[in-house]
Each structure stands twice: as structure tokens, then as C-alpha cells.
Amino acid sequence: MADDAQRLDEVTVVAQKPLIKVELDKLTYNLEEDPEAQVNNTLDMLRKVPMVTVGGDDEIQLKGSTNFKIYINGKPSNLLSNNPADVLKSMPASSVKNIEVITDPGAKYDAEGVGGIINIITAKNALQGFTSTVRAQAATLGRYGGGVYFSAKAGKLGITANYNYNYKNSPWGDSEELQERYGEDSTTRKYQQGRYKRKGPFQFGNLEASYELDSLNLISVGANLFRGQIDNLSEMFTRKEEQLFMPGADPLVEPVYSYNRYSSSEGTFGSTDVNVDYQRSTQKKDELLTFSYRFSHAPNDNVSRIYLENIHNYPDAARYPQWNTNDASTNEYTVQVDYTTPIREKQTLETGVKYIMRQSLSNTTERIQDGTSGNWTDISTIDSDFRHTQHIYSAYMGYALKLEKYGFKAGLWGEGTTLDVKFKNAPEQNFDKNLFDLVPNTTISYQISMAQQLRVGYNMRIHRPGIWFLNPYVNTTNPQNISYGNPNLETEKSHSFNLNYSMFTQKFNINASVSHTFVNNGIQRYTFLNPEDDLYPDASHSTYGNIAKRRNTGMFLYANWTPSQFFRIYTNGGVDYADLKSESTDMANSGFSGRIFVGS
């Protein structure tokens, strides 16, 4: 036999991972396959993720809603929930592997977050060594700052750290308000004109460390810090006058009172979070057991001083100057166990339990200064010392099935909540409440072809009121516009139906969806007048109530066209129709809103 050997040149096999991947209950944007991720921050890349839009003021919306949750590696993060735009700006996009949009959250996800969940999956540093990014920024609206990002891998230990410091000194903004009350023979007008500004520092950062005990066991520890101090300054002129209507004569305008008000307040806000996770895999493929513990502390303190000048006939002038202090905070403890296992071929079962204890407190001291002696007198109300404790018990079970072109996923989250509200100085106002919610979800998908998929789903979500909504502290920084919380609020429940179509080819990607959401007990801020209030009869009162009925229908479109290897055009946006009603206040509103982002 003769040897007929031929030498071949080098053979290169080229393949590209899909930029977007659609699964049964979520959509994943692969940042590792987007070249822009090497030079942009994570917020910039978020603009390109289907169903997510970022406005010119960096406001993030998911399916047209700002009521959603942001997770880091599948875990909720107060750091991102309280300050998402600044945190995502500080994260290099190269440190993120995927961004998941979970519009149909399964049973294992916490039921909070009406709009859904954005889950940021960070890239794991597989190479030994470290990488670091240093940045600085400044803005024409009076803001500057800087920070550092650090990632390292040494043996089985991986560490990621991120720290940022910013200072905001916004320019003065103008404010003007006219309020009119109409009577049979007179009209009362109250006019306010002034200016306001905000300034102060805030800082945030996070530290994450993971250690691989062996190929099946992983321990992760994380800490997040977000802390700010904001000074609010306000200067306001107020004038009230009455216009009298007399038969056969021109209207007569009579001044009632006028004054200049100057106020300054200093607020502390933010959160400190610590979490510990232990993850146990087995020799059985996709079987996973996770134990998690999380602690969070969120302060919300405020000190304000108010005084008046050029006072003419103002009946409440004796209540000034004022010095008010509000000490408020929330502590939260979370313990969770999750277990996932395949039970048969193409079938998966997931289950878990979770317990949260949330303690919120608010202690208010209100003082007025005697004009003669200069002494301060405590005039705090009996509900000034407020304690609110929540115990949340929950368990879930979910089931997933994949049969040829069909996929099915369903689950049920059961949650019981015990609320205990105590007023130290007014025990007769104490109350407690027990709530129980069943939160179902289901999703069905059909694979039309290798590149096309159709998905339909239903899920229920809830929104628990936080200390900012519940705190009964009466904020009288502006005595003409006072505000306070409502400790009697109940959990808001949202029902959502979704239809999604996706097609992803080598040159053209499209994701289109339609959703309809309704809420019958929405938490809504509202403003009203209360002439019977002895202290503030002329003021506008603002508070919260479960008074809203909302109907939202939205359409969302993402398209990405790559005509050549070096050029890409993409668009992302949506349009919504909203209908809001409140039977208790006899108010209603409806209309369209939309947003679009185009890039190349």
C-alpha cells in the first residue's frame, strides 16, 4: 500500500454564543458576547437588555414599571434597591457575566417586586491574579466623586470589592404653588413661592468573598454598604388672601396673613447588609442544597430646624421656631434553605423555606422655642414613639417539565405575616394583624423552531409597605404641606399576564411581549385638605392608603440587527396604557406613556 499523505493548513472552528437566550421563565443577556461590555459600565449595558429601559435621568424601568427587585447572583440586595443607578454605574460591565430579566418569577423567588426581577450575575474570576479599575466623575449639576473596583483570585479563594464616594451639591431650584378654595360669596387664595436645594455626601460599596472547600462545597460571604447624609435647604414666601364678592361692587381683596419661612434639615439614610451562604452540590447532576443567612440595617434619621420672618397676622406664629428630631431605622434578619433536584428525566423539583424578622422603629421629638425666655419646649404628640415588628414565614414548591417542544413550569409560594405595632406613649393605639397570602405562578412555552419561541405566563406579586410608608411621624418642615405615613397599610397584591415571542438568528434578534397587570388594593400617596385640623387647618395633608385600582397594559419590543461583523443596530422600548381609579377619594386618571432607546 502506498502512503498518500497530504498536509492540511490549520483548521479554525468559529462559533458565537447567542447574545440573548430565552428560557422557560426568564430572558438572559450575555454581556461576555457584547464587545461594548469591555469599555462600558453596567448601567450603560442595561439600556440594551430587552424589557428594561433607562431614562435620561438614569431611572430604571422594567416593563414600564419602577416597582421591581434587583438581585445579585440570585440574592436580593438593599444596596441596589435603594440606589440602583449609582451602584450599576460603578460596576464595570466586564465584571458581569449575564443580566437576567425574570418577568415570570418562579416559586423560589421572594414574592416582593410587582414588576419582576433583574438578576445581575457577576463573572467568576477563573484566572489566578487580580484586576482593578479606578474611576472619577463630575457633572455640571454639582456632583463629583470617584471609586475603585477590585477582583482577585488566589487558589480556591476569590474576592471582589467595590467602593465609591460621591458628593452632591445641586443648584437652587424654584418652587411655586397656588391653592384656591371656592365659597358662595368668597374665594380664598394661598400663594407660595421660594427656592430649595440639596447637598451632601454619600458612599457605597460591597465586598464579596467565596471559598471552594472542594468541587461540591462552596462558602460565600458578602457585605454591602450604602450610607448618605443629605442637607435640604428651603426658603419660602407664603401669602394668604380672601376675595369677597359683593352685589353691585367690584371684588374686594383682603389680606389674611403672610410670612417668610426658612428651613434646614439633615437626613441620614442607607443600609448595611451582611450575608453568608453555603452551597452543597452532589454527584447527582443539577442537585443543589443552599443555606443562607442575611442581616440588614437601614437608618432613616432626620433633624430639621424652621424659623419665620416678616410675620403678618399668621395665627400659628407662636409655634416657631421649631426644632424636630426623628430617629428611625429598620433591622431585618433572614434565614433561608433552598433545595433543587431532578426527579425524572426532563423534570425538576424545587422547594424551600424562609423566615424574615423585620423591626422598624421611629422616635420623634418636636420642640418650639419660647420667644421671651429662649427655652425649648417639647410638644411631641403621643404617637411619637412607634415600633413595628414583622414576622414573615414562607415556604414554596415549584415543578418544571420539558417535553420536546413544550415547556411547563408552575409553583406556589405560601406566606404568613404577623404584624405587631406599638406606640410607647399611646398604648391604646397599639394593634396587631395577621396576614396570609398564596402567591401562584405558571408558565408555558412552545418552541416553534430552533430560533423561535412562544411563551405565556401568569404570576402574582406582592408589595409590603416599608417604614417610609408606615411611619406616622408628621413632617411639618413646610407647615403648608405636611406629610406622614399610615401604620394601617396592608400588603399590595398584583396579578400579571404575559405573552412573549422571541426569534434569535445569527443576524437578527427580536423579542416582543404583551402584558396586562391589575391591582385592586394599590398603595398610593394622596393629598387632601383638613380644615378641622386644629394645628394645621390651612395645610395640604399627604399620606398613603390602599386606595388605588390600577390596570396596566403594555407592549415591549427589542430588536437587534447585525448586517456585518463590525456593525450592529439595536432598539429597545415599549408603550403602556394605564388606568387608575380610587373610589374612596373619587379620583381617576388614565393615559399612555412610552420610552425608546436606539443605538448602533
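Two strands count as paired if DSSP finds at least two bridges between them. The model described here is predicted.

- Strand 1 runs antiparallel to strand 2 (residues 27–30), and three bridges join the two.
- Within this pairing, Lys21 has Thr28 of strand 2 as its bridge partner.
- In general, strands of a sheet pair through backbone hydrogen bonds, in either a parallel or an antiparallel sense.

- Strand 9 (residues 129–139) pairs with strand 10 (residues 143–154) in the antiparallel sense, over eleven bridges.
- Opposite Phe130 stands Ala152 in strand 10.
- Three residues separate strand 9 from strand 10 in their hairpin, and Gly142 in the turn has a positive phi of about 85°.
- Strand 10 also pairs with strand 11 (residues 157–169), again in the antiparallel sense; twelve bridges link strand 10 and strand 11.
- The bridge partner of Val148 in strand 11 is Tyr163.
- The hairpin of strand 10 and strand 11 has two residues between the strands, and Gly155 in its turn shows a positive phi of about 65°.

**Cavities**

- Five cavities of 30 Å³ or more are found in a search of the whole structure.
- The largest cavity has a volume of about 80 Å³.
- Thirteen residues line the largest cavity, and those nearest its centre are Ser90, Gln137, Asn164, Asn166 and Phe204.
- Helix 3 (84–90) contributes at least two residues to the lining of the largest cavity, as do strand 9, strand 10 and strand 11.
- Strand 10 provides the largest share of that lining, with four residues.
- Strand 23, strand 25 (492–504) and strand 26 (508–529) each give at least two residues to the lining of the second largest cavity.
- That lining divides into four nonpolar, six polar and three charged residues.

**Asn459, a residue of strand 23**

- Asn459 is placed in strand 23 (residues 452–463).
- Asn459 counts as buried because its relative accessibility is 2%, and the cut-off for buried is under 20%.
- Beyond residues up to four places away in sequence, Asn459 touches Thr103, Asp104, Pro105, Pro440, Asn441, Ser494, His495, Ser496 and Asn498.

**Phe237, a residue of strand 14**

- Phe237 lies in strand 14 (residues 217–244).
- With a relative accessibility of 28%, Phe237 counts as partly exposed.
- Phe237 is in contact with Tyr191, Gln192, Gln193, Ser258, Tyr259 and Asn260, leaving aside neighbours within four places in sequence.
- Twelve residues apart in sequence, Phe237 and Leu225 are 39 Å apart in space, C-alpha to C-alpha.

Methods: Residues are numbered from 1 along each chain as its sequence is written. This is a predicted model: local features need pLDDT of at least 70, side-chain atom pairs count only at pLDDT 80 or more; totals for chains, interfaces and linings use all residues. Side-chain values use heavy atoms; hydrogens and water are left out. Buried means under 20% relative accessible area, exposed over 50%, partly exposed in between (1.4 Å probe, protein chains only). Contact means heavy atoms within 4.5 Å. On a 1 Å grid over the protein atoms alone, a cavity is a set of points where a 1.4 Å probe fits but cannot get out, and a pocket is an open set with protein on both sides within 12 Å along at least five of seven lines; lining residues have an atom within 4 Å of a point. Grid points are joined across faces, edges and corners, and a volume is the space filled by probe spheres set on the points. Ala, Val, Leu, Ile, Met, Phe, Trp, Tyr, Cys and Pro count as nonpolar, Asp, Glu, Lys and Arg as charged, and the others, Gly among them, as polar.
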